[in-house]
Amino acid sequence: MSATIFVLNGPNLNLLGQRRPEVYGYTTLHDIELMVRERAALHGFDIEFMQSNHEGVLVDEIQRARTRGAAIIINPAAYTHTSVALHDALEAAELPVVEVHLSNVHRREEFRHHSYVSPQATAVIAGAGAYGYVMAVDFLAQHLESE
């Protein structure tokens, strides 16, 4: 088994720290990447970290993780609520998946309450801000160790 966790980020997350900081906070995606890499190193994992505004690129990365990764952390952003393609790719990956959202999507608009990703997720973390990514690494370390 590979010791790599793929951390995939969907549309507009490249604007973290600038776009709607009252909802998403002031932490940038680069800050999150550094936090994740530091925590993953403590558990002995490597990280493949990427962001794309394009659904197909995310699908390609999920497919790459299928053969090269131990697990996936994904913040699909707006694709959470629209992408059957991400759902299907995660199903085919057959890896542990943690779905992460910076905000508590259930306290927001009704359309954000449905996720196409959640049925494929081993765990969902929402509303913990940037720390949700660190929680996801800790969860996966424990989960993978118990398998």
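Analyst: A crossing is left-handed if the near helix is turned anticlockwise from the far one by less than a right angle, and right-handed if clockwise. Here α2 passes α5 in a right-handed crossing. The model is predicted, so to speak of local features pLDDT must be at least 70, while side-chain atom pairs count only at pLDDT 80 or more and totals for chains, interfaces and linings use all residues. Residues are numbered from 1 along each chain as its sequence is written, and side-chain values use heavy atoms, without hydrogens or water.

Start with the two helices. Helix α2 covers residues 29–43, and helix α5 covers residues 131–146 (helices are DSSP runs of H or I, at least four residues; strands are runs of E, at least two; both are numbered from the N terminus). They pack at an angle of about 20 degrees, and their axes are 9 Å apart (axes are lines fitted to C-alpha atoms, for helices over the stretch in contact; angles run from 0 to 180 degrees between N-to-C directions).

Which residues meet? From α2 come Ile32, Met35, Val36, Arg39, Ala40 and His43. From α5 come Tyr131, Tyr133, Val134, Val137, Asp138 and Ala141. Contact means heavy atoms within 4.5 Å.

Aspartate 138 and arginine 39 are joined by their side chains, 2.5 Å from N to O. The pair ties together distant parts of the chain, for aspartate 138 sits in α5 and arginine 39 in α2, 99 residues apart. Aspartate 138 counts as partly exposed because its relative accessibility is 24%. Arginine 39 is also partly exposed, at 24%. The cut-offs are under 20% relative accessible area for buried, over 50% for exposed, and partly exposed in between (1.4 Å probe, protein chains only).

Glutamate 33 and arginine 37 meet at 2.9 Å, N to O. They are four residues apart, about one turn of the helix. Arginine 37 is partly exposed, with a relative accessible area of 34%.

How many salt bridges does the whole structure have? The search finds four. One of them joins glutamate 61 to arginine 64, with the closest N and O atoms 3.1 Å apart. Both residues lie in helix α3 (residues 55–68), three residues apart, about one turn. Glutamate 61 is buried, since its relative accessible area is 16%. Arginine 64 is partly exposed at 25%.

Now return to α5. Its Tyr133, which meets α2, also touches asparagine 75. Asparagine 75 lies in strand β3 (residues 71–75). At 3% relative accessible area, asparagine 75 is buried. Not counting residues up to four places away in sequence, asparagine 75 also touches Leu8, Asn9, Gly10, Leu13, Val100, His101 and Leu102.

Follow two of those neighbours. Histidine 101 lies in strand β4 (residues 97–101) and is buried, at 6% relative accessibility. Beyond its neighbours within four places in sequence, histidine 101 contacts Asn75, Pro76, Thr80, Ile125, Ala126, Gly127 and Ala128. Leucine 102 is placed in the loop between β4 and β5 (123–126). Leucine 102 is buried too, at 7% relative accessibility.
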